[in-house]
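Hi,

Here is the structure I promised to pass on. Have a look, and my notes on what turned up follow below.

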Amino acid sequence: MLDEPIASIKKKQQDVLGFLEANKIGFEEKDIAANEENRKWMRENVPENSRPATGYPLPPQIFNESQYRGDYDAFFEARENNAVYAFLGLTAPPGSKEAEAQAKQQA
């Protein structure tokens, strides 16, 4: 039973990392399993209203520098809506689906 949540977390982490790598978005991965300082930092910097009712927030949690951007579900929703760059607090590159959608909204 314990393996299923761990496998799910790893799949979500790989999903986020794969997207970032495929789109050449620079990132720094923080290992919270092996590094107590990283774990403590993540727990302290996930906003109160984004924490689970019980326990601690589970990875992946996404930050832009020290600004909290959201969890996997928020990332997935942004990806489905072609809004990942906005979700990450970045400018969408010219020619991307997201940049084209923004241009249409502004027209």
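Predicted model: local features only at pLDDT ≥ 70, side-chain atom pairs only at ≥ 80, totals over all residues.

Let's start with the core: the largest nonpolar core has 14 residues, and F75 and L88 touch the most other members. By nonpolar core I mean a set of buried Ala, Val, Leu, Ile, Met, Phe, Trp, Tyr and Cys residues joined through side-chain atoms within 4.5 Å. At least two residues of this core come from each of α1, α3 and α4, with α4 giving the largest share, four residues. Leaving out residues up to four places away in sequence, L88 is in contact (heavy atoms within 4.5 Å) with L20, I25, I62, N64 and R69.

Numbering runs from 1 along each chain as its sequence is written, and side-chain values use heavy atoms, without hydrogens and water. Helices (H or I, at least four residues) and strands (E, at least two) are DSSP runs numbered from the N terminus. Buried is under 20% relative accessible area, exposed over 50%, partly exposed in between (1.4 Å probe, protein chains only).

Now the loops:

- K24, between α1 (3-22) and α2, has a positive phi of about 55° without being a glycine. K24 counts as exposed because its relative accessibility is 76%.
- N82, between α3 (72-80) and α4 (84-88), is also a non-glycine with positive phi, about 50°. At 38% relative accessibility, N82 is partly exposed.
- The P59 to P60 peptide bond is cis, omega near -5°; P60 sits between α2 (36-45) and β1 (61-64).

Cheers
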